[in-house]
Amino acid sequence: PQLKEVLAQILADKVKAFEPYWEDIFKELSNITPDNIYLTELAMENKFIIMKGIVGSLEKDELLSEFILTLEKGIFSKVKLVTSKESEDKTANKFELTCWVD
């Protein structure tokens with residue numbers, strides 16, 4: 001019975017090794033996300049983190065660009081802008097980013 005427990009623990013450790021530390025990710029995002037950027041979705045696919053959100057500012061392109069640079073200075077790497085679409089009233093942008101966590 002002890003061997004089964006050890007094997008189960010080894011399997012669990014292998015699974016955990018491929019997952020990022022979500023607590024660290026949430027802390028980092030809460031500290032660096034500007035007031036005018038709202039994250040609406042956070043997911044993981046093929047070891048990449050996908051962030052979707054809205055930039056609610058007249059300087060939306062500049063703010064999004066600064067946010068990407070700030071992400072890369074922290075625990076995130078390979079940050080790429082997948083999509084950015086301006087709202088009809090031109091006051092906001094919906095965006096999607098992908099990145100990797102070091």
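Q: Why is Glu 23 called exposed?
A: Glu 23 has a relative accessible area of 54%. Exposed means over 50%, buried under 20% and partly exposed in between, with a 1.4 Å probe and protein chains only. The value of 54% is over the limit, so Glu 23 is exposed.

Q: What kind of model is this, and how are its residues numbered?
A: This is a predicted model, in which local features need pLDDT of at least 70, side-chain atom pairs count only at pLDDT 80 or more, and totals for chains, interfaces and linings use all residues. Residues are numbered from 1 along each chain as its sequence is written, and side-chain values use heavy atoms, with hydrogens and water left out.

Q: What makes the contact of Lys 27 with Glu 23 a salt bridge?
A: The closest N and O atoms of the two residues are 3.2 Å apart. A salt bridge needs a side-chain nitrogen of Lys or Arg within 4 Å of a carboxyl oxygen of Asp or Glu, so this pair qualifies. Lys 27 and Glu 23 are 4 residues apart in helix 2 (residues 22-32), which means about one helical turn between them. Helices here are DSSP runs of H or I with at least four residues, strands are runs of E with at least two, and both are numbered from the N terminus. Lys 27, at 47% relative accessibility, counts as partly exposed.

Q: How many salt bridges does a search of the whole structure find?
A: The search finds 4. One of them joins the side chains of Lys 52 and Glu 41, at 3.9 Å from N to O. Lys 52 lies in strand 2 (residues 48-55) and Glu 41 in strand 1 (residues 37-45), so the pair ties together parts that are 11 residues apart in sequence. Both residues are partly exposed, Lys 52 at 29% and Glu 41 at 38%.

Q: Which parts of the chain does the salt bridge of Glu 86 and Lys 60 link?
A: Their side chains meet at 3.2 Å, N to O. This pair links distant parts of the chain, with Glu 86 in strand 3 (residues 76-86) and Lys 60 in helix 3 (residues 60-73), 26 residues apart. Glu 86 is partly exposed at 38%, while Lys 60, at 8%, is buried. Salt bridges with shared partners join Lys 60, Glu 86 and Lys 90 into one network.

Q: How do you know that the buried residues of helix 2 lie on the same side?
A: The buried residues are Ile 25, Glu 28, Leu 29 and Ile 32. They cover an arc of only 95° around the axis, so they share one side of helix 2. The arc is taken from the directions between the helix axis and the C-beta atoms. On the other side, Glu 23, Ser 30 and Asn 31 are exposed. The cover over the buried residues includes strand 1, strand 2, helix 3, strand 3 and strand 4 (93-101), where contact means heavy atoms within 4.5 Å.

Q: Why do strand 1 and strand 3 count as edges of the sheet?
A: The 4 strands form an open sheet in the order 1-2-4-3, with antiparallel pairing. Strand 1 and strand 3 each have a single partner strand, so one side of each has no neighbour in the sheet. Two strands pair if DSSP finds at least two bridges between them. Strand 1 and strand 2 are joined by 8 bridges, so they meet that condition.
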